[in-house]
Amino acid sequence: MKIKEIKEILNAEVITDFSNENTDIKYGFASDLMSDALALVKSDSLLITGLNNSQVIRTAEMLDMSTVLFVRGKRPCPDVVSLALENQVTILSTEYTMFKACSLLAINGMEGIEADD
Amino acid sequence: MTDKLLIRYSYNIAANDFIAAGKGSSSIKNTLKSMGIDASTIRRIAIISYEAEINLVIHSYGGMLHCDLYENKIDIITEDKGPGIENIDLALTEGYSTATESVRELGFGAGMGLPNMKKYSDDFDIASSREGTFIKITVLLQEV
């Protein structure tokens with residue numbers, strides 16, 4: 001799924017943008033626990049979280065993830081934005097709750113990650 | 001000899017410094033990238049190093065994070081000043097955590113740190129006493 005589609009589906013605001021027409025996101029992973037993300041996530045995934053601190057960006061950085069989505073209208077603090085700019089991580093923010101955001105993405109074709117992959 | 005240490009990168013990690021947490025691992029990751037090591041190996045090392053660094057911040061009184069580069073492997077090593085892990089077997093169980101509520105609110109302390117480090121390693125050594133914890137995690141480098 002392209003960033004443009006994610007943006008449209010979730011009516012999301014783009015806070016930082018390093019995407020291009022080739023940026024393709026296959027999986028979604030939703031959690032406020034960064035260690036769960038570190039245990040399971042693949043690089044071509046969207047990290048969906050309600051956690052708003054710099055460790056979210058650090059986690060994306062370690063996992064080579066291109067994009068983070070903040071749910072429930074959370075807007076990242078300046079230090080989070082600056083870390084995302086430094087590490088070229090795209091940040092999206094949507095007013096939808098986590099479950100609603102995940103549902104909309106799933107309906108439109110985004111896949112989840114299997115725990116035993 | 002393939003087991004000769006080529007270079008060591010070391011980072012001083014302060015207890016409870018959640019702002020700086022991850023800087024050491026970020027630096028390790030960028031250094032390995034500049035050396036042309038393959039992306040999947042770097043990713044494994046980055047995850048191990050980041051979990052190890054976060055553990056130092058959350059659980060220790062402070063310590064050192066080292067990245068030792070050999071010809072055929074990389075060791076991530078942490079040495080801290082205590083207070084030690086009471087039960088290592090329990091600490092290695094997925095989901096077991098002694099982290100405080102405030103740490104959990106930051107997105108950590110889910111009890112996946114040590115299990116994650118072990119999961120992504122080729123070799124995992126841990127020793128702990130009240131004086132401190134020593135962890136050495138080895139990732140073998142792929143033949144190019």
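Predicted model: local features only at pLDDT ≥ 70, side-chain atom pairs only at ≥ 80, totals over all residues.
Most residues other than glycine have a negative phi, and most peptide bonds are trans.

D64(A) is not a glycine, yet its phi is about 60°. The loop that holds D64(A) runs between α3 and β4 (67-70) of chain A. D64(A) has a relative accessibility of 32%, so it counts as partly exposed; that class covers the range between the 20% limit for buried residues and the 50% limit for exposed ones.

The peptide bond between G82(B) and P83(B) is cis, with omega at about 15°. P83(B) sits in the loop that links β3 and α3 of chain B.

Chain A can now be taken as a whole. Its secondary structure consists of 5 helices and 6 strands. Along the sequence these elements come in the order α-β-β-α-β-α-β-α-β-α-β. Along the principal axes, the C-alpha atoms of chain A fill a box of roughly 35 × 30 × 30 Å. The radius of gyration of chain A is 12 Å, which agrees with a compact globule because a globule of 117 residues would have a value near 13 Å.

Of the 117 residues in the chain, 50% count as buried. The accessible surface of chain A is about 5300 Å², and carbon and sulfur atoms account for 47% of that area.

The next topic is the pockets. Rolling a probe the size of a water molecule over the atoms shows where empty space is left. The largest pocket has a volume of about 530 Å³. Its lining is made up of 31 residues, and those nearest its centre are N55(B), H59(B), I85(B), T98(B) and L114(B). In chain B, the elements that each give two or more residues to this lining are α2 (39-59), β3 (73-80), α3 (88-91), α5 (113-119) and β5 (132-140). The largest share, 7 residues, is that of α2(B). By class, the lining of the largest pocket holds 14 nonpolar, 14 polar and 3 charged residues.

The second largest pocket contains about 230 Å³ of space. It is lined by 15 residues, and D64(A), M65(A), N87(A), Q88(A) and V89(A) are the closest to its centre. Two or more residues of the lining come from each of α3 (54-62) of chain A and α1 (23-34) of chain B. The largest share belongs to α1(B), which gives 3 residues. The lining of the second largest pocket has 4 nonpolar, 7 polar and 4 charged residues.

Key: Residues numbered from 1 in each chain as written. Chains lettered and ligands numbered in written order. Heavy atoms only, no water. 1 Å grid on protein atoms, 1.4 Å probe; cavity = no way out; pocket = protein on both sides within 12 Å on 5 of 7 lines; lining within 4 Å. Points joined across faces, edges and corners; volume = space filled by probe spheres on them. Helix = DSSP H or I, 4+ residues; strand = E, 2+ residues; numbered from the N terminus. Nonpolar A, V, L, I, M, F, W, Y, C, P; charged D, E, K, R; others polar. Rg over C-alpha atoms; globule rule 2.2 N^0.38 Å. Buried < 20%, exposed > 50% of the residue type's maximum accessible area, 1.4 Å probe, protein only. Areas by Shrake-Rupley, 256 points an atom, 1.4 Å probe, with all protein chains shown as cover.
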